[in-house]
Amino acid sequence: MTKRIVSRTYFPDLKLSVKLLIIVAFVGLLITALARHVLPPDLLANTAEAATPLDIGQDCKKCHAAIVEAFPRNVHGKSAKFLEGARSASCETCHANPEKHVKTGKKEDITSPAKMPAKEINSSCLQCHSQDRHTFAWQGSKHDRKDVSCLSCHTQHHPKNEENMLAATTTEETCLRCHTSVRKAVYQRSSHLIRSEHGNMKVGCTSCHNPHGGQTDKMLVEETVNNTCYGCHAEKRGPFLWEHPPARENCMSCHSPHGASNTRLLTQRANLQCQQCHIHMLPRHSTLAGKPLDIWTLNRGCVNCHSQVHGSNHPGGRTFTR
Ligand code: HEC
Ligand code: HEC
Ligand code: HEC
Ligand code: HEC
Ligand code: HEC
Ligand code: HEC
Ligand code: HEC
Ligand code: HEC
Ligand code: HEC
Ligand code: HEC
């Protein structure tokens, strides 16, 4: 008696289990099919549909051997995502209408992004890059509005910096070709463009700017200047018991972001820095040298005593002396 019940529960009649089997198999197939569209393409790279880098440009090899041979080694050629079936990348992705050109070898018969106006170059690259984490804000960015193109900084076939396909050896050199006025920052008394012992940039242009656009006019990586700074100088964020309004408002009230001829990236010499705002209201200070609370103290000026200019958490820190 008991045996029968058990066997019923665990082994239902054959018809039902066949039906179930069919349903399970169907659902399985459906999931696999869906996954091809949902999963990141690189997970699917090994499937038969993906082109191999070596398939690309066979029609062109005869006349452009160097480019075709180099292609599998560059970022696009190496990327499984780039080569994946759905996007079916090939030379034609960027050089439309090659059929006639392959026969004639005439320049006029093929398109090249290099010859297009900035807007067209950009949309040619953005057909794939408009959703990327770093490039999605391109449209309407300062660079976009000023007709800078992807090829102002990147190159497809002749990169000096392979990793990001840059036209110059480093990110900084890429930028400083045009932003010459920022170059002096590298050599100033205090500079924010800091290298590690291996010569790599520890703080470089893209630590604070996104050349592909951002939420501010100056294309900062965060939505305000201060949030950009807090990214690395978290202790300046506070919260403080005693806030110093200019520090809360904008770090640029006292600092220059790139470099300065004063210590600590200050925009003015230490003793003048504070007096832009405070010269009229110093009743407790002596203006005579040598007297107590003499404001003319040299060296770090006001900061000799007001050492917590960014804000204080000391109960007695109202004037930022502790
Ligand atoms: C029969 C030889 C030949 C074949 C095949 C060929 N090309 Fe060319 N290609 C040329 C020559 C010659 C030039 C002109 C070079 C010059 O004047 O500097 C050229 C120029 C180009 C240019 C530059 C156009 C410009 O406006 O500056 C592109 C892009 C190009 N080829 C792409 C391709 C692609 C992609 C293929 C394969 C689909 C291909 N070519 C196949 C001979 C060929
Ligand atoms: C057919 C789609 C497609 C087109 C068109 C395309 N890209 Fe890409 N690009 C990719 C893919 C896919 C990757 C690799 C991303 C990965 O593997 O993570 C990539 C990588 C890159 C990278 C390097 C990113 C990294 O993570 O190192 C740069 C830079 C880049 N592309 C710039 C460009 C520029 C500039 C153009 C226009 C001349 C362009 N791309 C056109 C699809 C494309
Ligand atoms: C003003 C110079 C400049 C312009 C213009 C520019 N880029 Fe870049 N791009 C860079 C630099 C520099 C990097 C390397 C980022 C770094 O140093 O972290 C980069 C990186 C990238 C990457 C890799 C980002 C990642 O996720 O690592 C892609 C993709 C890319 N650029 C695509 C584009 C496309 C597409 C365009 C045109 C719409 C474009 N870039 C225009 C300078 C530029
Ligand atoms: C992601 C877009 C892209 C793909 C894919 C691509 N090219 Fe180009 N090609 C460019 C751009 C951009 C230029 C302009 C010069 C540069 O940036 O290197 C160019 C320039 C050229 C030129 C002009 C000569 C030169 O040295 O600049 C030739 C020839 C050429 N490509 C051939 C090819 C061939 C062959 C393939 C396939 C193996 C190919 N391209 C794939 C974007 C692409
Ligand atoms: C091909 C030249 C060129 C290159 C290379 C270039 N820029 Fe620019 N950049 C411009 C132009 C043009 C403007 C608009 C300037 C203006 O409106 O006064 C601009 C504006 C800016 C601005 C906003 C400045 C302002 O005054 O509004 C920042 C920030 C910036 N670029 C950062 C960078 C960074 C970071 C790089 C390197 C990754 C870079 N740029 C590379 C041409 C370039
Ligand atoms: C520590 C962060 C930081 C770094 C690193 C940095 N910038 Fe800036 N940059 C800023 C801030 C902040 C501003 C001013 C924003 C404002 O006033 O709204 C600025 C402004 C600019 C401007 C506008 C004009 C000017 O001089 O004020 C340009 C152009 C610029 N940066 C380019 C660069 C380039 C090129 C590099 C790399 C050599 C670089 N920046 C590195 C933070 C930085
Ligand atoms: C990518 C990280 C990073 C960002 C973002 C950053 N800094 Fe820095 N900053 C550093 C590093 C690293 C140092 C060197 C610290 C040291 O020498 O101990 C430094 C040093 C400084 C110094 C002292 C300079 C000196 O000569 O001693 C000041 C002032 C400063 N930063 C202000 C700012 C301001 C203002 C911002 C926002 C515009 C900012 N930082 C954004 C990393 C960053
Ligand atoms: C009212 C002017 C003023 C403002 C605004 C200001 N600072 Fe400073 N900062 C200074 C002075 C003065 C020094 C030098 C202190 C010293 O020599 O002890 C300094 C030093 C620094 C230093 C290096 C020494 C340290 O304390 O770590 C960093 C980093 C720094 N500031 C970051 C920032 C950031 C981030 C902001 C914005 C939140 C900011 N500062 C806003 C005046 C200011
Ligand atoms: C951009 C203008 C500006 C600069 C530069 C500036 N401050 Fe201030 N500071 C203010 C403002 C605004 C207040 C708030 C005044 C108030 O609450 O009455 C303030 C408050 C203070 C207070 C507290 C005063 C009180 O009565 O509570 C001290 C102390 C002080 N600042 C010191 C400094 C020192 C030291 C420097 C130079 C490192 C400096 N400030 C640079 C604008 C500035
Ligand atoms: C020798 C130390 C010393 C120096 C240097 C100094 N202060 Fe002060 N400051 C003080 C003391 C102490 C107080 C009063 C603190 C209190 O009452 O809690 C004060 C108070 C202030 C106050 C609050 C308003 C007031 O007068 O009570 C301001 C603003 C201020 N100082 C700004 C400055 C500025 C700007 C400089 C540089 C030009 C400067 N201090 C240099 C020690 C100094």
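Biologist: Which helices each supply at least two residues of the shell around ligand 3?

Modeller: This is a predicted model, in which local features need pLDDT of at least 70 and side-chain atom pairs count only at pLDDT 80 or more, while totals for chains, interfaces and linings use all residues. Residues are numbered from 1 along each chain as its sequence is written, and chains are lettered from A and ligands numbered from 1 in the order in which they are written. Helices (H or I, at least four residues) and strands (E, at least two) are DSSP runs, numbered from the N terminus. The helices that each supply at least two shell residues are H8 (118-129), H10 (150-153) and H11 (171-176).

Biologist: Which residues come nearest to ligand 3?

Modeller: A residue is near a molecule if its C-beta atom, placed from the backbone, lies within 6 Å of it. There are 22 residues around ligand 3. Those that come nearest are Cys125, His129, Cys150, Cys153 and Pro211.

Biologist: How many residues of the shell around ligand 3 are charged?

Modeller: Asp, Glu, Lys and Arg count as charged; Ala, Val, Leu, Ile, Met, Phe, Trp, Tyr, Cys and Pro count as nonpolar, and the others, Gly among them, as polar. The shell has 12 polar and eight nonpolar residues. The number of charged residues is two.

Biologist: Which helix gives the largest share of the shell around ligand 3?

Modeller: The largest share amounts to four residues.

Biologist: Where on H8 do its buried residues fall?

Modeller: A residue is buried if 20 or more other C-beta atoms lie within 10 Å of its own, exposed if 12 or fewer, and partly exposed in between. The buried residues of H8 are Ile121, Asn122 and Ser124, whereas Lys119 and Gln127 are exposed on the other side. Seen down the axis, the directions from the helix axis to the C-beta atoms of the buried residues fall within an arc of 160°, so they line one face of the helix.

Biologist: Which helices do the buried residues of H8 pack against?

Modeller: Two residues are in contact if their C-beta atoms, placed from the backbone, lie within 7 Å. The partners of the buried residues of H8 are H6 (91-94), H9 (142-145) and H10.

Biologist: Is serine 312 buried or exposed?

Modeller: Serine 312 lies in the segment after helix H17 (275-278). The C-alpha atom of serine 312 is 5.1 Å from that of tryptophan 242, 70 residues away along the chain. Leaving aside neighbours within four places in sequence, the contacts of serine 312 include Phe240, Leu241 and Phe320. Because serine 312 has 22 C-beta neighbours inside 10 Å, it counts as buried.

Biologist: Which residue does a cis peptide bond join to glycine 238?

Modeller: Omega of this bond is about 5°. The residue in question lies in the loop between H14 (225-230) and H15 (245-249). It is proline 239.

Biologist: Is asparagine 97 buried or exposed?

Modeller: Asparagine 97 is in the loop between H6 and H7 (98-104). Its phi is near 55°, a positive value in a residue other than glycine. With 10 C-beta neighbours inside 10 Å, asparagine 97 counts as exposed.

Biologist: What is the phi of aspartate 147?

Modeller: Aspartate 147 lies in the loop between H9 and H10. With 11 C-beta neighbours inside 10 Å, aspartate 147 counts as exposed. Although aspartate 147 is not a glycine, its phi is positive, at about 60°.

Biologist: Which residues is arginine 195 in contact with, leaving aside its neighbours within four places in sequence?

Modeller: Arginine 195 is found in the loop between strand E1 (190-191) and helix H13 (205-208). It has 14 other C-beta atoms within 10 Å and is therefore partly exposed. Its contacts are with Asn200, Met201 and Lys202.

Biologist: What is the mean pLDDT of the protein?

Modeller: pLDDT is the predictor's confidence in each residue, from 0 to 100. In this protein, 74% of the residues reach 70 or more. The mean is 81.

Biologist: Over which residues is the pLDDT below 50, with one contact beyond near neighbours in sequence?

Modeller: Where pLDDT is low, the predicted coordinates should not be read in detail. Residues 38-49 also stay under 50, with 12 contacts beyond four places in sequence. The stretch with one such contact beyond near neighbours is residues 1-12.
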